[in-house]
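Please open the structure in your viewer and keep the selection panel at hand. The tour moves from one selection to the next and says what is there at each stop.

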Amino acid sequence: MSVLSVQSVSVSYGGVHALSDVSLEVRAGQLVGLIGPNGAGKTTFVDAVTGLVPARGRVELDGRDLTGRPPHTRARRGLARTFQSSELFDDLTVSENLLVTADRPSWWTALGETLGRRTPANPAVAEALAVLGLQDLADASAHELSQGQRKLVGVARALAARPLVICLDEPAAGLDTAESAELGRRLRAVADAGTALLLIDHDMSLVMGICDHVVVLEFGRVIASGPPARVRTDPAVIAAYLGASATTGTPETP
Amino acid sequence: MEQILLFAVLGLGQGALIAGIALGVVVTYRGSGIINLSTGAVAMASAYAFWSLTTGFFGFTLPVGPAAAGALVVALAVGVLTEVAVFRPLRTSSPLAKLAGSLGVLLTMQAGVLLIFGTQPQQAPSILPADTITFLGLTIPSDRFVLTGLVAAIALALGAVYRWSRFGLATRAASENEQAALLAGLSPNGVSLANTLLAALVAGLLGVLAAPIVQVDSITLPLQVVPALAAALFAGFTSLGVACTAGVLIGVSQSILYYLSTQSWFPTDNGNAMPGLQQLLVFALMVVALYVRGAGLPRRGEAVEQRLPAVPLPDRLLRPALVAAAVAVVALIVLPFDFRQALTNSMIGMVIVLSYVVITGYVGQISVMQLALSGTAGFVLSHLAVRWGVPFPFSALGAVLVATLLGVAAGVSALRVRGVSLAVVTLAAALAVEQALFNNTSFGGTAGVTVPPPTLFGIDLGPKADFRGLDGNEPSPLFGFLVLAVTVALGLYVAHLRRTGLGRQMLAVRSNERAAAAAGIDVRAVKITAFAISSFIASAAGTLYGYNFGSVSAARFTALAALGLIGFAYIGGITRVSGALAAGLMSTGALLPHALEKWFGIKGTWALLFGGVSLVVTLIANPDGIAGAAHRRKTAKKAKSPEVFRGFTPVEVKEVTS
């Protein structure tokens with residue numbers, strides 16, 4: 001049973017087809033990689049799934065239809081995401097950034113808080129910080145973090161919502177190789193604990209190393225899909241990444 | 001029909017002035033990305049210079065030609081000063097800070113003109129030929145056509161400069177992408193200076209030429225920037241042709257509207273012409289422009305990331321609030337009557353600024369309308385109490401409810417509009433409410449409407465209550481206590497809001513609306529809630545104003561007064577309750593201006609000048625305001641002395657390691 005089921009999603013900007021008929025499934029506990037050359041439509045796909053760009057097609061989360069729902073409703077139903085440029089809330093501290101997704105105050109709690117009632121600390125925040133090893137940064141202001149730290153806080157913020165699915169848009173960009181491997185290990189642990197993850201990244205060794213399933217996009221279309229070992233040797237993928245001549249074995253002339 | 005045509009042609013004069021200011025606005029925006037609220041004030045400065053040089057104000061009289069040249073020199077000098085002292089230092093600030101900077105220039109120039117020339121409107125001589133032409137059987141002064149032709153020629157010339165000259169190319173490059181233009185070796189400072197000077201020259205020229213048609217004064221002339229902004233919105237802040245045409249057409253339609261309002265079939269305000277139709281028209285046009293052109297302004301690729309003033313978590317609320325309240329209670333009893341009055345004024349001013357802390361400080365939206373909501377609450381209170389005999393506190397609560405609903409309605413309709421566009425359209429709305437609603441004698445009127453004192457269980461709580469201070473004069477400390485209770489409650493609420501989930505959601509929306517939506521925040525709901533809270537606070541202040549003076553009049557709730565309050569809010573620190581306190585102490589009739597006037601004989605106009613200048617200085621040197629600077633000093637001291645450290649690590653000085 002898929003937690004996230006995306007069926008034939010298409011996005012066009014004017015006459016340009018950024019995505020055509022892309023379908024994808026992510027099961028609970030599964031880590032699915034989404035790769036493709038620059039401009040293949042990976043971020044557009046996440047924007048379409050999370051409702052930030054208008055798209056045709058169908059998005060289901062845990063069997064419920066999310067098509068046409070606004071972004072915040074999708075997020076509340078359990079669809080979390082991170083941003084390529086780790087768009088943190090710069091005016092808040094790190095733990096407040098996480099609290100924003102962890103606590104979704106109802107009218108009732110908001111009223112209680114207004115009257116001075118303290119809401120108990122949300123354990124999801126400490127948990128998410130611990131998963132990414134960010135405990136020391138809890139009280140730091142978001143705008144004074146390094147780029148790598150911002151990326152990790154972005155992931156922690158998505159985790160703190162305790163979502164069903166997280167779409168991670170290049171979480172390892174800006175991290176060095178060791179940090180990237182460490183992040184991969186932690187993401188694997190998150191998936192193994194039951195969360196469905198969709199990982200977009202340029203770091204091939206990271207994607208191929210930890211993902212259960214890899215989908216490859218080129219020019220807005222799926223050109224390959226399958227376990228990492230098979231995708232790695234797929235001629236279409238090699239062609240997309242290394243140039244058409246790679247399939248024929250003759251080096252490309254510059 | 002001929003009459004309509006006549007009025008249309010007469011409106012060309014006003015239209016040319018609006019078009020000229022609109023051209024100035026567009027040129028400045030293209031050159032530096034600043035929406036210059038002071039463009040109308042440049043026209044005012046040169047018009048006053050021209051008037052004073054031709055009428056012997058300074059003890060000598062110049063012929064018309066040299067006087068006009070002198071006036072243009074004044075406009076250029078204002079342009080240079082504005083560019084070097086305000087726009088250049090604010091180059092990397094947020095668009096809202098730039099807008100507030102130009103507001104500082106507007107307030108400074110207005111105060112300057114008031115100090116030099118006084119409040120009396122003046123009539124300047126005309127440069128243009130005074131003959132008339134006969135057109136379709138109508139006798140029309142020819143200067144209207146000359147002016148319109150001149151503005152059109154200026155627009156064409158500017159267009160040609162931008163299209164074909166190297167300077168025009170540089171300007172277009174810088175307005176498309178400042179960063180790339182910088183890398184290509186263009187100096188954004190040079191481009192910006194040249195455009196600001198061009199804008200000042202155009203606005204100044206129109207100020208001199210149109211001065212004989214419109215009167216020279218310190219309120220209507222600078223506020224001509226509002227219809228000019230409407231024209232600029234139609235032009236998307238880019239197209240000179242559209243800005244010029246729209247400006248002229250706005251002037252023409254205002255004139256036709258005026259003619260129509262004098263007709264017998266047109267609804268009247270108790271027999272007089274309906275007030276504020278012009279301003280309503282401008283507001284409606286702005287709404288149309290935003291609808292047609294979309295709510296966003298053309299984005300510029302600015303070279304530096306912009307941050308808004310910080311909103312730190314308050315660590316202690318109750319103790320400082322209690323200390324401040326205790327001081328105020330004692331002061332309300334022992335101070336002489338004039339200082340008691342000033343203290344009460346300060347507290348009411350603080351409450352209004354609190355509404356800006358919520359909507360601008362926490363959510364990052366400038367709504368100039370908030371003071372108009374205060375006024376609405378005041379007038380509604382008077383009607384409820386006087387006409388329908390509703391007793392306190394229900395009359396006050398009813399008035400607050402009505403004005404809050406109006407604020408929420410405005411907020412809902414402005415959801416798509418954000419940032420600088422919101423500031424511009426709410427400025428037009430504030431002006432329309434002031435002129436059309438507050439000046440309408442069935443609702444308000446310039447004479448004012450009375451507000452009976454608040455009485456609870458037969459006890460008078462108003463300023464004329466029997467319990468008097470030590471000197472036995474009005475206002476009664478009882479009323480001060482009432483105001484104090486409201487002020488402390490609202491201040492505590494706004495400070496506490498920063499700690500709650502709703503407060504975090506507001507700041508998340510302020511930082512990044514996309515990321516907030518993706519984090520599960522209903523951005524629209526948060527904005528509407530913020531508008532509701534802010535409107536509620538502003539309305540509460542409006543009822544207090546009414547009780548304070550025993551009457552409500554339009555003069556207290558003008559759009560210009562609202563702009564001044566926003567200026568004070570920025571100086572105090574727009575993201576903090578302590579900043580609202582500082583702003584309240586500086587506001588009109590408050591302790592600081594009163595003490596300055598009483599002890600040093602410094603008049604309120606000087607305070608306005610001081611306010612304008614310190615707004616600019618604050619934006620450049622200390623964007624967090626007085627309260628922010630105080631907070632920084634405190635945290636720095638705490639960090640140095642670990643024995644007073646109380647658990648919360650001041651993040652500014654913390655070593656961050658991963």
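Begin by selecting helix α3 (residues 94-102) and helix α5 (residues 123-131) of chain A, whose axes come within 9 Å and cross at roughly 125°. Axes here are lines fitted to C-alpha atoms, for helices over the stretch in contact, and angles run from 0 to 180 degrees between N-to-C directions. Helices (H or I, at least four residues) and strands (E, at least two) are DSSP runs, numbered from the N terminus. α3(A) and α5(A) are therefore oblique to each other, given that angles under 35 degrees count as roughly parallel, over 145 as roughly antiparallel, 65 to 115 as roughly perpendicular and the rest as oblique.

Before going further, note that this is a predicted model, in which local features need pLDDT of at least 70 and side-chain atom pairs count only at pLDDT 80 or more, while totals for chains, interfaces and linings use all residues. Residues are numbered from 1 along each chain as its sequence is written, and chains are lettered from A and ligands numbered from 1 in the order in which they are written.

Which residues of α3(A) and α5(A) meet? Show S95(A), L98(A), L99(A) and A102(A) in α3(A), and you will find them meeting A124(A), V125(A), A128(A) and L129(A) in α5(A); two residues are in contact if their C-beta atoms, placed from the backbone, lie within 7 Å. By class, this contact of α3(A) with α5(A) has seven nonpolar residues, one polar and no charged ones. In this scheme, Ala, Val, Leu, Ile, Met, Phe, Trp, Tyr, Cys and Pro count as nonpolar, Asp, Glu, Lys and Arg as charged, and the others, Gly among them, as polar.

Next, select the open sheet of four strands in chain A, which has the order β2-β1-β4-β5 with antiparallel pairing; two strands pair if DSSP finds at least two bridges between them. At its edges stand β2 (16-27) and β5 (64-65) of chain A, each with a single partner strand, so one side of each is left without a neighbour in the sheet. Inspect strand β1 (residues 2-13) and strand β4 (residues 56-61) of chain A, which run antiparallel and are joined by five bridges. If you label S10(A), you will see that R56(A) in β4(A) stands opposite.

Now move to the open sheet of six strands in chain A, where the order is β6-β7-β8-β3-β9-β10 and the pairing is mixed. β6 (79-81) and β10 (221-226) of chain A are the edge strands, and each pairs on one side only. Within this sheet, strand β3 (residues 31-35) and strand β9 (residues 213-218) of chain A run parallel and are joined by four bridges, and the bridge partner of G33(A) in β9(A) is V214(A).

Finally, display both chains: 28 residues of chain B are in contact with 36 residues of chain A. On the side of chain B that touches chain A, α19(B) gives the largest share, eight residues.
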